[in-house]
Amino acid sequence: MEKILIIEDETNIARMIQLELDREGYACDCVYDGEAGLAAALGQDYDLIVLDVMLPKLDGFTLLEKLRRESQVAVIMLTARGELDDRVRGLDLGADDYLAKPFSMRELAARVRAALRHRRVPGKETALAVGELRADRLAVRAFFRDEELALTRKEYELLIYFMEHPGVVCSREQILREVWGYDYMGDTNLIDVYIRYLRSKIDDRFGVHYIRTVRGLGYAFGTADE
Ligand code: CA
């Protein structure tokens, strides 16, 4: 049974989340402040963490920053509605996904399923290569030449998706569906944010040109001869 930690100080919301995720068959623990949340997240082996931003003692961003030094557990952040800065900040710090309050429990459950599904290693070939980029899917690592790329999980998954589709123009909607695993109701800005991250960690860093913007259509991945 997959284990989920809920870190949310609003007890009504925490209880609703727990009820929903219990019903979906997960084993849930709830904690109600940031310090207790960090201790629980580091002390036990959770598959996913639902993390509120506004928390007493330690806010969700600081918690995530500390957590990411030690753990790559899947994290879904709960942010205030409409705070794009908050969403981008959470993703910058390594959150897998975010949900803006108020959200429906059905949507939360769908996001949790998607985040967990994408963590499991698919039963496909384990080694991938495009140009001088390589990925080892068993080890969940990616390299340019001999240098390992420091990617968050979502960046890694996006890279894998591109490496599986070299030279193909992929629309933002298609990337959302395939990499995030749900239909995202129009907010494809998320893809552009992640493309920026990947470009800075691959193209800019190594002076190469893997990710092409195809105006009006989306993105294509590959070296010039692919
Ligand atoms: Ca809160």
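1. Lys57 has a positive phi of about 75 degrees although it is not a glycine. You'll find Lys57 in the loop between E3 and H3 (helices are DSSP runs of H or I with at least four residues, strands are runs of E with at least two, and both are numbered from the N terminus).

2. Some housekeeping. This is a predicted model, so local features need pLDDT of at least 70 and side-chain atom pairs count only at pLDDT 80 or more, while totals for chains, interfaces and linings use all residues. Residues are numbered from 1 along each chain as its sequence is written, and side-chain values use heavy atoms, with hydrogens and water left out.

3. The peptide bond from Lys101 to Pro102 is cis, with omega near -5 degrees. Pro102 belongs to the loop between strand E5 (97-100) and helix H5 (105-119).

4. On to the calcium ion. Its protein donors are Asp9 (OD), Asp52 (OD) and Met54 (O), at 2.1 to 2.3 Å. A donor here is an N, O or S atom within 2.8 Å of the metal (3.2 Å for Na, K and Ca), and water is not among the atoms, so sites may look incomplete. In sequence the donor residues follow the spacing D-x42-D-x1-M. Asp9 lies in the loop between strand E1 (3-7) and helix H1 (11-23), and Met54 in the loop between strand E3 (48-52) and helix H3 (60-68), so this pair ties together parts 45 residues apart in sequence. Asp9 is partly exposed, with a relative accessible area of 30%, whereas Met54 counts as exposed at 66%.

5. Now the helix packing. Two packed helices are described by the angle between their axes and the distance between the axes. Helix H6 (residues 153-164) and helix H8 (residues 189-206) pack at about 85 degrees with their axes 10 Å apart; axes are lines fitted to C-alpha atoms, for helices over the stretch in contact, and angles run from 0 to 180 degrees between N-to-C directions. That makes H6 roughly perpendicular to H8 (65 to 115 degrees; under 35 is roughly parallel, over 145 roughly antiparallel, and the rest oblique). On the H6 side the contact includes Leu158, Leu159 and Phe162, and on the H8 side it includes Tyr194, Leu198 and Ile202; contact means heavy atoms within 4.5 Å. By class, the residues of this contact split into 8 nonpolar, no polar and 3 charged (nonpolar: Ala, Val, Leu, Ile, Met, Phe, Trp, Tyr, Cys and Pro; charged: Asp, Glu, Lys and Arg; polar: the others, Gly among them).

6. H8 has another crossing. The axes of helix H7 (residues 172-180) and H8 come within 9 Å and cross at roughly 80 degrees. H7 and H8 are therefore roughly perpendicular to each other. Here Arg172, Ile175, Leu176 and Trp180 of H7 meet Leu190, Ile191, Asp192 and Tyr194 of H8. The classes are 6 nonpolar, no polar and 2 charged.

7. Leu149 deserves a look. It is in the loop between strand E9 (147-148) and H6 and, at 6% relative accessibility, counts as buried. Neighbours within four places in sequence aside, Leu149 touches Leu133, Ala142, Phe143, Phe144, Leu159, Lys201, Ile202 and Phe206.

8. Last, the rings. The whole structure has 7 aromatic pairs; rings of Phe, Tyr and Trp (its six-membered ring) pair if their centres lie within 6.5 Å, with planes under 30 degrees apart counted as stacked, over 60 as edge-to-face and the rest as tilted. Phe144 and Tyr210 have ring centres 6.4 Å apart and planes at 85 degrees, so the pair is edge-to-face. Phe144 lies in strand E8 (residues 141-144) and Tyr210 in the loop between H8 and strand E11 (211-214), so the pair ties together parts 66 residues apart in sequence. Phe144 and Tyr210 are both buried. Tyr194 and Tyr197 are edge-to-face too, at 5.4 Å centre to centre and 75 degrees between the planes. Both lie in helix H8, 3 residues apart, about one turn of the helix. Tyr194 is buried at 1% relative accessible area, and Tyr197 is buried at 12%. Phe144, Tyr161, Phe162, Phe206, Tyr210 and Phe221 form one aromatic cluster.

How values were computed
Buried < 20%, exposed > 50% of the residue type's maximum accessible area, 1.4 Å probe, protein only.
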